[in-house]
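Hi,

Here is the model we talked about.

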Amino acid sequence: MSVTEADPVAAAAPTRPAVLRVLSAVWRSYAFRRILKAVLTVYLVATFTFFLVRLLPGNPVEVYINTLMQQNGMSYDQAANMAKALYSFDPGKPLVVQYLDYLNGLLHGDLGNSIGSPGTTVGSILVAYLPWTLFSVGIALIISFCLGILLGMAMAYRRNGVIDHVLSVIGSLLHSIPNYLLAIMIVVFLGIQLNLFDVSQMRGAYSPGVTPEFSADFFSDVMYHAGLPITTYVLTTIGSWMLVMKSSTVETLGEDYVTVAKARGLRDRRIATAYVGRNAVLPLFSQLAIAAGFVVGGSILIEQVFQYQGIGYLLFRAVNDRDYPLMQGIFLVITIAVVLANLVADLLYGRLDPRIRIGGGER
Amino acid sequence: MTDEPVLAVRDLVVEYRTPAGPVRAVRGASFDLYEGESLALVGESGCGKTTLGLALLRLLPRLGSTPHGEVRYRRADGSTVDLLTMRKEQLRRFRWHEAAMVFQGAMNALNPVLRVQDQMYDTIRAHRSMSASAARKRCHEVLDMVRLEPRRVMPSYPHELSGGMRQRVLIAMALLLSPRVLVLDEPTTALDILTQRSIVDVLQELRRELGFAMVFVTHDLALAAELADRVATMYAGRIVELGDSRDVFAAPRHPYTAGLIRAVPPAVGEATEISSIPGGPPSLAALPPGCPFSVRCGLSAEVGDGDGPAGVCVQADPELTRTGERHEVACHYSDRVEFTREVVVDGV
C-alpha cells in the first residue's frame with residue numbers, strides 16, 4: 001500500500017517530463033469524456049423540451065389562422081401561408097420534420113422566431129433579457145455565498161454562543177421562507193404599508209428614458225431596480241449557506257491538522273483561512289456550481305413579483321403565450337448553463353482538492 | 001548542563017466537561033524533565049497519557065481544562081515561566097519554538113490541501129522572519145536529518161506520501177525551530193515493524209546530535225525501554241511509578257507496571273510466560289475507592305487473604321513515594337512486589 005502511494009512521487013523526480021506528459025494526457029482524456037457527457041446532456045434536454053413543449057394544450061398558430069379566416073374571410077390555406085411566413089413555424093408539418101428543422105437550426109445557431117412577438121428572433125430576445133438576470137442573480141449569489149460562509153465560520157468558531165444561537169434561528173427561518181412569499185411580503189409591508197419605497201417606480205431593469213451606457217448614473221439606476229430582487233435572493237439563500245458552512249467548519253475544527261497547526265504556533269488568521277476555511281469550504285463547491293447554473297434561470301416568481309425584466313419574467317410570458325420557440329430557447333440556455341457550471345466545477349474541483357487530481361483520471 | 005529541570009510539572013489536573021459533569025483525566029501528575037533527558041509515559045489506552053502530553057503544550061480540546069497545577073518551563077537563559085498562566089500570544093510564540101510536538105503520522109496531522117513545503121514555510125514564518133532561500137535551506141536540513149529526500153517530499157501533498165514518510169515529515173517539522181523539548185505522541189503506532197525500526201533509529205540519532213529533551217507517550221514498552229532514560233507508568237490519570245528505565249524494567253515496584261511487563265513477550269533471550277492483567281481500566285467518571293488499581297491487583301488480593309483487596313488499599317489512594325534513589329512508587333505494598341518471569345522455553 002505504502003509503496004503504491006509513494007509511487008507517483010518516486011517516479012516524478014527523475015523522469016519529470018515523461019510523467020507529466022502521461023498525466024496530462026490522462027487528465028485531458030478525463031476532461032474530454034466529461035465534455036462529451038455534457039454535450040450529450042444538452043442534446044437530450046433539447047430534444048425532451050422540444051417534444052414536451054408541444055404536448056402543452058393550445059397552439060397559438062392555429063388560433064391565429066382561425067382569427068385570420070374569420071376576420072379577413074381567407075381560406076385555410078391562405079391564412080396558413082400567411083401565418084407560416086410570419087412565424088416560420090408550420091403546425092401542419094410532421095413532428096419529426098419539425099424536430100429535424102429545429103436541430104438543423106440549432107447547429108447553425110438559429111433558435112427560430114418568437115411567436116409572441118412576431119418578427120423578432122428568439123436569439124435577440126434572449127440577448128435583451130439574459131444580462132439582467134445574470135447581473136442580479138449573479139451578484140446575489142456572490143453576496144449570499146461569501147456572507148454565508150463568513151457567518152457560518154463565525155457560528156462554528158463561537159458555537160453555543162449568542163451569535164451561533166441567534167444566527168441559527170434566523171438562518172433556518174430564512175431558509176424555510178419561499179422566495180416569492182418574501183418578495184410579496186417586501187412589496188406589501190415595506191413598499192405599500194410602511195411606504196419605505198415606491199414599488200411601482202422600482203419595476204423593470206432600469207427606469208424608462210434612461211439610456212444604457214457606462215456611467216455612474218446608469219449603474220446606480222440599475223442597482224436601484226435590482227436592489228429588491230437581489231435582497232430577496234440573498235435573504236432566501238443565505239440561511240442554507242450559513243448552516244451548511246457551520247456544520248462543515250465544526251467538522252474541520254475537529255481535524256487533527258488544525259490541532260497540529262495550533263501546536264506549530266501559527267497565527268489564528270492563517271489557521272482560519274488556509275487550514276480551517278479552505279478545507280471546510282470544499283464540500284460546498286458542488287452546491288455552488290449547481291446554484292451558479294441556476295443563476296441563468298433566474299426566478300420566475302421573484303422577477304414576476306418585482307416585474308424585473310429577466311429570463312424568469314420572460315419564461316412566464318412565453319409559457320402564457322405558448323411561444324414554443326422562445327420556451328425552447330430559454331430552456332436550452334438554462335440547460336447549457338447548468339451543465340456548463342457542473343462541468344467547470346468538476347474540472348475545477350481537482351484544482352481545489354489535490355487528493356482528487358490524480359484519482360480523477362482513473363475514475 | 002544544570003541540575004534544574006527544563007520542564008517541571010507539579011500536581012497537574014486535567015478535566016473534561018461531559019454531560020454527566022466534569023471528569024478528571026489526569027489527577028495530579030508531577031514529574032521533572034531534565035535537559036537532554038528522555039521520559040516515556042506508558043500505560044493502557046484511556047489512562048490519561050495522551051491527555052497529559054497534550055496538556056504540556058496546552059493543546060487540550062475545547063472541553064478540556066486544567067483547573068489545577070503548574071507546568072513550569074525553564075528557558076535557556078534560566079528564567080522560568082508557567083505555561084498554564086501564559087497569555088495567548090505568548091503561548092503561540094512558545095509553541096514549536098521552545099517545545100514542539102510530534103503527532104501520530106497515521107493521523108490526519110497534515111493539512112491535505114497544502115504542499116509539505118508550504119506547511120513547513122508556514123511554521124517558520126509564524127515565528128521568524130527568514131528569507132525564502134534561508135527557509136528553504138532550513139527545510140532541506142531537517143528533512144535530510146530524518147533521511148528524506150527534500151526535493152521529492154517538499155513539493156508533495158500529504159496524501160502522496162506513505163505513512164512512514166509522513167511520520168518523518170512530522171518529526172522534521174518539529175525540528176524546524178530547534179526546540180529544547182519535544183513531546184511525541186505514539187510516534188510509531190500504526191506503522192509496520194520495519195518503518196517503526198527506522199523511525200526509532202532516526203529519533204535516537206537526532207537526540208544524540210541535537211540534545212533536546214523529550215517526553216514520549218506510548219503503550220509500546222519495548223520502545224520505552226529502548227528510547228527512554230526514565231519511565232513513568234500511568235494508571236487512571238495518575239503516575240503510579242516513576243524511575244530510571246533500567247530500574248523500572250528490571251525491578252518494577254508497582255504491581256501494575258509488573259503486570260504490564262509480564263504481558264509483553266521479550267524480544268530476545270528465553271521465552272517466558274505471558275500473562276495479562278485481569279479486568280479492564282476503571283472508568284474515570286466512577287473510580288473505585290482507595291487505590292484505583294486495587295480491584296485488579298493480585299498483590300492486594302493476596303495480602304487481603306482472598307476477601308478482596310487489602311483494607312488499606314480500599315481506604316486510601318497511595319501517594320507517590322520514594323523507594324530508591326531515583327525511583328518513586330504509589331503502592332501501599334511496594335516492598336512486597338516481586339518480579340520474576342517464569343521461563344517457559346530455554347534459549348530461543
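Lys88(B) and Asp268(A) meet through their side chains in a salt bridge, 2.3 Å from N to O (that is, a side-chain nitrogen of Lys or Arg within 4 Å of a carboxyl oxygen of Asp or Glu). The count between chain B and chain A is 2 salt bridges.

Before you read on: this is a predicted model, where local features need pLDDT of at least 70 and side-chain atom pairs pLDDT 80 or more, while totals for chains, interfaces and linings use all residues. Residues are numbered from 1 along each chain as its sequence is written, chains are lettered from A in the order in which they are written, and side-chain values use heavy atoms, without hydrogens and water.

Back to the interface: 31 residues of chain B are in contact with 33 residues of chain A (heavy atoms within 4.5 Å). Together the two chains bury about 2900 Å², with 56% of it on carbon and sulfur atoms; buried area is the accessible area (1.4 Å probe) lost on putting two parts together, summed over both.

Which helices of chain B supply at least two residues each to the side that touches chain A? They are α2 (88-94), α3 (116-127) and α6 (163-175), with helices taken as DSSP runs (H or I, at least four residues), numbered from the N terminus. The largest share, 6 residues, comes from α3(B).

As for chain A, it is divided into domain 1 (60-110) and domain 2 (128-321), with bounds from an automatic or database domain assignment. Their centres, taken over C-alpha atoms, are 43 Å apart.

Cheers
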